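Subject: Structure handover

Hello,

Here is the structure for your set. Please open it first, then read my notes below.

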Amino acid sequence: MNIAQGRPLRCSSSRAGQNRRLPAEAGVWVFILGDMTVFALLFFVFLYYRRLDLVEFQSSQQSLNVLLGQINTLILITSSWFVARFMGAYKTGDYLKAKNFLAAGIVAGGAFVAIKVFEYTEKITAGDTILSGDFFMYYYMMTGIHLMHVLVGIAGLLYVYSALSKQRGSLLVVECAAVYWHMVDLLWIFLFPLFYLL
C-alpha cells in the first residue's frame, strides 16, 4: 500500500477493531528469543569462568574505558527512544516526523559503532587483544557479536528509511526493524554492566 495515502499500513490479517496484536512477524520473535537465549548462555559461561579466576578478570576489567561504555549505553538507549517515537509517528500517519525520528535513530546507531571501533582500537593499541586472556576473549567475542547485530539493525532501519523516502513500505517490515533494534539495545544493557561494572 502506498504511504502517500496518509494512513498507517496494517497487516492484511488485521480486522477493524482489532488494534491489539503482537507487532512484527512471529518468526522475528522466534529469532529474538533464540538470540537472547544464546546470549544468556554466553553470560552464564562468562560468569562461571570469571568466578574461577576472579583476580585476572577484575584486573582486566579495570583497563576498560568505562566512560566510553557509559556513553555508548546512553547513545543506544536514546536511539531506541528515537525508534519508538518513529513508530508512534508512523502509525499516526505523520511520515515526515517519522522519517526525522528514524534518521536520528540511525545516526545514533552509527555513533555507537564509531565509538566501539575507537574503543577496540584503543584497547588493541594498548596490547589488550583477544589473546590477552579469558576476559578479553569473552569481551571481544560478545561485544563483537553485538556490534554485528548493531550493523544489521542499522541496515534494517536504513531499508525502512529508503522505503519511506520512496513512499513505499509495509507496517510489518517497519515493525520487524523496530523490534529488532530494541533487542539490540536490550542486549547492550546486559553487556555493559557485565563487562564494565561487575
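H5 passes H6 in a left-handed crossing. This is a predicted model. The axes of the two helices, H5 and H6, come within 9 Å and cross at roughly 160°. Angles over 145 degrees count as roughly antiparallel, so H5 is roughly antiparallel to H6.

H5 (residues 134-165) also packs with H1. Here the axes come within 11 Å, and the crossing angle is roughly 165°. That makes H1 roughly antiparallel to H5. The crossing of H1 and H5 is left-handed. On the H1 side, the contact is made by Asp35, Phe39, Leu42, Phe43, Val45, Phe46 and Tyr49. On the H5 side, the residues are Phe135, Tyr138, Met141, Met142, Ile145, His146 and His149. For the spacing in such lists, recall that an α-helix has 3.6 residues a turn, so residues three or four places apart point the same way.

Next, H6 itself. H6 covers residues 171-197. Its 27 residues should span 39 Å at 1.5 Å a residue, and the end C-alpha atoms are 39 Å apart, which agrees. Of those 27 residues, 19 are buried, so H6 is largely enclosed by the rest of the structure.

Leu186 lies in H6. Leu186 and Thr73 are 113 residues apart in sequence, yet 10.0 Å apart in space, C-alpha to C-alpha.

Now Gln61. Gln61 sits in helix H2, residues 54-61. Its relative accessibility is 10%, so Gln61 counts as buried. Which residues does Gln61 touch, leaving out those up to four places away in sequence? They are Phe135, Leu194, Phe195, Tyr196, Leu197 and Leu198. Phe135 is also one of the H5 residues in the contact with H1.

Last, confidence. The mean pLDDT of the protein is 87, and 86% of its residues reach 70 or more. Among the elements, helix H4 (residues 95-125) has the highest mean pLDDT, 96. Helix H1 (residues 26-52) has the lowest, 91. Residues 1-17 need care: pLDDT stays under 50 there. The model has 31 contacts beyond four places in sequence for residues 1-17. Where pLDDT is low, the predicted coordinates should not be read in detail.

Best wishes

Definitions and conventions: Residues numbered from 1 in each chain as written. Predicted model: local features only at pLDDT ≥ 70, side-chain atom pairs only at ≥ 80, totals over all residues. Heavy atoms only, no water. pLDDT = per-residue confidence, 0-100. Helix = DSSP H or I, 4+ residues; strand = E, 2+ residues; numbered from the N terminus. Contact = heavy atoms within 4.5 Å. Expected span 1.5 Å × (residues − 1). Buried < 20%, exposed > 50% of the residue type's maximum accessible area, 1.4 Å probe, protein only. Axes fitted to C-alpha atoms, helices over the stretch in contact; angles between N-to-C directions. Parallel < 35°, antiparallel > 145°, perpendicular 65-115°, else oblique. Left-handed = near helix turned anticlockwise from the far one by under 90°.
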